[in-house]
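Please look over the sequence and the model below before reading on.

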Amino acid sequence: MPTKFVRFLRLSSVILIVTMMMPFSARASFPNADPAAVIQQNTPPAASPLQIEVQADSFGLPLAKDEFAASYGKPSVLLAPGDEVRFTVTIEEPGPYTISFDVAAPEAFINAPEGQLLVDGAFPSLDSQRIVFPIFYQNKQAEFPLDRYGNEALIRQIKLVRWTKVAMRDANFSQKYPLQFQLTEGEHTFEFTLTEQTMLLGSVYLETFVPTPAYAQYLENTPAPDSSGVLIEIEAEHPSYKNDTSIRPANNRSLDVTPYDTYQLLLNSLGGETWKLSGSTVFYEFEVPAEGMYYLTLRALQNTKNNFTVFRRITLNGDVLFDELHEVPFFYSTQWANTTLGGDEPFKIYLQKGTNVLGIEANNSPYSSAIEKIKKVLLDINVLALEIRKLTGNQIDPFKEWVISDYIPDLEAQLLAIADDLQVDLDGLIAINEGGGSQEILTYQMAIDNIRFLASEPDKIPTRMNRFSQGAGSAAQQLGTVLPLLQGQPLALDKIYIHSPDTAPPENKVSFFTKLVEGLKRFIYSFQPNPYQTIGAAEDEIEVWVNRPRQYVDLMQLLTDETFTAETGIRVKFSIMPDESKLILANAAGIQPDVALGVSTDKPYELAIRNALKDLRTFDDFDSFINIYTPGALLSYVINDSVYAIPETQDFWVTFYRRDIMESLGIPVPDTWDEVIEILPELQRFGMNFNTPLSSGGTGYKNYLFTAPYLFNHGAQLYSADGFATGLQSEEAIAAVQFMAESFTIYGMPLTTSSFYDSFRYGSLPIGVSNFVDYIKLMTAAPELNGLWAIDLYPATVLPNGSQNRYATGSAQSGIMFANTDKPDESWEFMKWWMSTETQADFQQQLILNYGLDYLWSSANLEAMAFSPIPDEHKAVILAQWEWLQEPVKLPGSYMQERELSNVWNKIVFDGVNPRVAIDGSIILINREITRKMEEFGYLENGVKVKEFKIPTIETIEGWMEAGQ
């Protein structure tokens, strides 16, 4: 834990610079102030803010001395997580104040620095518990690089370290103004604590809050002549810098967008669906030839949300000049159009001669009231639904009558109050969106109608919970759907024009004949093969097939060309894999690649047993290379002492739980399956349950992914010691299968879960085991649950001797090398480079920088996973669970055991067959198939063993790792 620096600073011992917005200055003093303190004060008009500056040399911390810190021109300190800064200020004029910070983030890269602020020992608001500071990014080069097919590719993003003055805002950037604190006259103590990352902190400013003036007042206070004859054109896809990595250039095929090319893909627009998060800002630096008044025109398109208005906040040189620029509307349209700020009466904006900076920020503040109301109502619905479940014991018999109003007398009033509050915000949405008709408004109205319908007969709510808090059409589900839709503000930009009032920007209109000709040319060109899916490589190239979308392949090619080829001279050609199920056919036809990546974890064994893959252990440094992996992740790729694939990505199975619900019910988070069984009656009493991976797998086929962990954790072996028979006849295996079935037949865990994410989100499954897929959804698509959920380790199985096992599967995708490659050494060098910690961390960072957190990369390289931008507490749980990762071993005929385990479960659960009877029947089938396959591959001859088959274990892999160190 970093050392905490705490120092109380009183006004009498602090150098304060008090600034007023006036063109002159005067020296003044504060009563009772230290005569040595230097205080400067300008006397402003009544509407100008009073500013108090507390400089960093008064914080009592060591001052930053490096070159960048010196560029600030004032004292600054470097804060680490846990460091505190305290200071005391005497307020002479009571009223609302804002607070700002001069900050820079020289070390943070993806995760932004965060802090919290106490005033007089308490949080002045919930928003002050989490203050998010910006990180800025810029393109590494000016022009888009071209890929090998002549199409433009994304430019590598690098961090831009710069000083900026940051006003304290809500963490979701949904409020129109910075946060305000009501301060009374007298002395107040401020305590700022950095909670995440490191950050340089310069001066801290307190300012009296003054609303931004209206445009008419701004125009009156800014007498300046109109400029003349100036037209500045900026391509929107080339911002000077930005504060959000997910804002990226995109290709738009419209002839109305420039630049345009018939055949090549050009990144000719910015944003759209990737620029929707409130607070996400792009900045453009431009030169103005003469000071004066200018118009600002954006060539924009909002065709993502039908009949919905999105908003942008416009800043010039860091300031919102007048009130109307806080919330500039962009209406739905199917065509690109020039939108001049101000509409029919354009706003005149004063610009100084020289360099100016335009900021365009996604802004959902017009919808902030509805957003906050929905969040509150969702919590209210969850609380009320829980109260109803407590009363009814989850009895949903439609023929049973309830008088819920006797126990919750104000239930009808509560529901009507919720509906009325929502209706007020809905009326506001309709006004903003010119009458409504959008998906957001229609869904909002359906949620209100559901609540009013329930309020009409409150005693029938227990049998109508599917309209209240459960199910696809419930009020909770509908409001949960509306919430991210209101928060998202997508907008695409083509160009930005800064122009004089007497100079109009071009309309870029394209004639009908031109559109007809271009459409014909593109239709003919569409018959050409997709170059990204063509097979074959040059003589001096390694050919790599990738089972992933083009975004991944483009970035992989870029990183490889920049780094691997530049360092080794080995050229690599990537192609999108047409179908991984055709790899065997490609090998038979002699058109297979040298290397394939993104291969599902079940495919390498099928290829290796047919001698299609290269044994990677034949390379001298293989044993030393694999130390980056969890030993159990390699088991599926081992045949005897040979390894035919390496893990590329890795899944995890952990316990997800809703903090709010579990705490409300007083139910502890279970650590073992025994504890899960103990809490089930209490959960089920309220209509809730515990999700298992078997539930998510549906009622059909249950593969090893779901069934093998039960066997591992009960200490059972999948096969006999020599591998020529199943191991299901052991007492441990029988106990595992019995528990696997009784979880559903006796303890009542859900047989099927169509979507754990939805059930978790709406509270019917507040706890359960799930994987990386649901983790990404909860991180990116459930904003109302922020801070309300967490993860823990997979439940342990307690063995009779008291020991605990937490084994779970986890391998996701792999990399393989084909046996008949003519470049084995070059291919191995590439595979090692690709899975190296540096490359995996770089690829992960660039994916998120280019595409956002939705593209979080779960590398199988444990060292690279440590660089993941997810919360540290989540990372610790995932890495701890990966220590228990164990993949099922594959052998000839093992598919039959995988299938029969599923059949056994189905027989016990659905047909009521005795577990031992079901297992005995399957053992005969499994052993028969294993024998047949062992003879096919030369391990048996007429039922007699002629060749040894080694069953690999975790200890086997660990031995190789130790030998390679």
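Are α3 and α4 roughly parallel or roughly antiparallel to each other? The two helices are roughly antiparallel, a label for angles over 145 degrees, whereas angles under 35 degrees count as roughly parallel. This is a predicted model, in which local features need pLDDT of at least 70 and side-chain atom pairs count only at pLDDT 80 or more, while totals for chains, interfaces and linings use all residues. Residues are numbered from 1 along each chain as its sequence is written, and side-chain values use heavy atoms, with hydrogens and water left out.

**The helix pair**
- Helix α3 (residues 368–392) and helix α4 (residues 411–432) have axes that come within 10 Å and cross at roughly 160°; helices here are DSSP runs of H or I with at least four residues, and strands are runs of E with at least two, while axes are lines fitted to C-alpha atoms, for helices over the stretch in contact, with angles from 0 to 180 degrees between N-to-C directions.

- Four strands form an open sheet in the order β35-β36-β34-β37, with mixed pairing, where two strands pair if DSSP finds at least two bridges between them.
- The edge strands, β35 (690–691) and β37 (789–792), each pair on one side only.
- Strand β34 (residues 654–658) runs antiparallel to β37 and is joined to it by four bridges, and Phe656 stands opposite Ile791 in β37.

**Helices across the sheet**
- Helix α22 (residues 872–882) lies across β34 and β37, at about 25° to β37.

Definitions and conventions
Contact means heavy atoms within 4.5 Å. Angles under 35 degrees count as roughly parallel, over 145 as roughly antiparallel, 65 to 115 as roughly perpendicular and the rest as oblique.
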